[in-house]
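Please open the model in a viewer and keep the selection panel at hand. The stops below proceed from one selection to the next.

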Amino acid sequence: MKLLAALGLLSVLGNCLWQTANAAPVRQPEPLLLVIESEGENAPEPVLQLQTDGGVIGIDMDEYLSCVVLSELPASFALETMKAQTVAARTYTCRAIMHGKHTDADLCDDPACCQAFHTKDKLRERLGEAFDAAWEKATTAVSETEDTILCSGGEPIEAVYYSCSGGRSEDAVAVWGGDVPYLRSVESPGEEFAPRFESEVSVSFSAFCEALRRASDAVSFSVLPQDWIGKSTFTRGGAVETIRLGGAEFRGTQVRKIFSLPSAKFTVSVRGDAVLFSCRGYGHGVGMSQYGAEAMARAGKDWREILEHYYTGVEIRGSED
Ligand SMILES: [Zn+2]
């Protein structure tokens, strides 16, 4: 009998757990081994527990991954991009299980917290006539990368990703403050076809001042509006690291959050009676760029090359490794 992909996944996860001397996973390996030992024709279908708006649902790992791929990526994206996305999503899932990210479930369906997820029925509704071909492609991406995850030091990596970098990805340390050796800034060319490669956010003077006053006691808007905007420093990825606004210093990530900007890669100017943020990219910029991955696939690169490009020095491991 063909080993169920999720059992293989748990086997990979089990290996990772055993080989990680310093990891302190919340979930112990014993139950995983029990699942693997129960393998056979009548083995129970392995399920993930997923927190949704309608409560916790159980879902087969392969179906979950196919749904994530079509929830995260446009259905028109190349098979190689979908394979890279599958391996990143499977790795992310493994790590979430290991570290017990949620207490009542393995993951949730909120892309701002875990990974985007729509049910198969919802995807059918959203994609209409394109659904059958898209589902076929996503399930192929899942089956042809069966059991494969990304590891570093014997442990599933933090396989983070986002829509579009705006030309170069970010060092994890620049965004989240902790250095992660495989999450390093790399070039991400060819993303210009992304709908949100460049965008503008306009904020009225009053909303701008009020939001910054709420964020910092140190701001002052007594000078002319064009003098509200001071010097910036930049990360290796090209995002704003720090910027002076209203005489106070803010981090670029903080400004992104305050004004709901698509990314921290922005310039600021005064236009008329509003402050204009001109932005590049969409998302936090750490790890794999989905549009950058698609650009690589269109240039003939395969899913392994895509993953090796965005996750520096990681091992691509299947259950046989
Ligand atoms: Zn979550």
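Select residues 240–245, which are strand β9, together with β8: in this predicted model the two strands pair in the antiparallel sense over four bridges. Strands here are DSSP runs of E with at least two residues, helices are runs of H or I with at least four, and both are numbered from the N terminus; two strands pair if DSSP finds at least two bridges between them. Within this pair, isoleucine 229 has leucine 245 of β9 as its bridge partner.

The open sheet of three strands runs in the order β8-β9-β10, with antiparallel pairing. At its edges stand β8 (229–234) and β10 (248–251); each has a single partner strand, so one side of each lacks a neighbour in the sheet. From one strand to the next the twist averages 20°, taken between axes that are lines fitted to C-alpha atoms, for helices over the stretch in contact, with angles running from 0 to 180 degrees between N-to-C directions. In a regular strand the side chains alternate between the two faces of the sheet.

Next, select threonine 253, a residue of helix α9 (residues 252–258). Is threonine 253 buried, partly exposed or exposed? Its relative accessible area is 30%, so threonine 253 is partly exposed; buried means under 20%, exposed over 50%, and partly exposed in between, with a 1.4 Å probe and protein chains only. Apart from neighbours within four places in sequence, threonine 253 is in contact (heavy atoms within 4.5 Å) with Val175, Val240 and Ala264. A C-alpha to C-alpha distance of 8.0 Å separates threonine 253 from serine 263, 10 residues away in sequence.

Move on to strand β4, residues 149–152. Strand β14 (residues 315–317) pairs with β4 in the antiparallel sense over three bridges, and glutamate 315 in β14 is the bridge partner of cysteine 151. Strand β5 (residues 155–156) is also antiparallel to β4, over two bridges; here serine 152 has glutamate 155 as its bridge partner. Two residues lie between β4 and β5 in this hairpin, and glycine 153 in the turn has a positive phi of about 60°.

Select the zinc ion next. Which protein atoms are its donors? They are His102 (NE2), Cys108 (SG), Cys113 (SG) and Cys114 (SG), at 2.1 to 2.3 Å from the ion. Donors are N, O and S atoms within 2.8 Å of the metal (3.2 Å for Na, K and Ca), and water is not among the atoms, so sites may look incomplete. Along the chain the donors follow the spacing H-x5-C-x4-C-C. The site is tetrahedral, with angles of 103 to 116° among the four donor atoms; four donors count as tetrahedral if all angles lie between 85 and 135 degrees. Histidine 102 is partly exposed at 22% relative accessible area, whereas cysteine 108 is buried at 6%.

Finally, colour the chain by pLDDT, the predictor's confidence in each residue from 0 to 100. The chain average is 88, and 85% of the residues score at least 70. Over residues 1–9 the pLDDT stays under 50, and over residues 14–40 it is below 50. Where pLDDT is low, the predicted coordinates should not be read in detail.

Residues are numbered from 1 along each chain as its sequence is written, and side-chain values use heavy atoms, leaving out hydrogens and water. Local features need pLDDT of at least 70 and side-chain atom pairs count only at pLDDT 80 or more, while totals for chains, interfaces and linings use all residues.

Definitions and conventions:
Four donors count as tetrahedral if all angles lie between 85 and 135 degrees; four count as square planar and six as octahedral if opposite donors are over 155 degrees apart and all others between 65 and 115; anything else is irregular.
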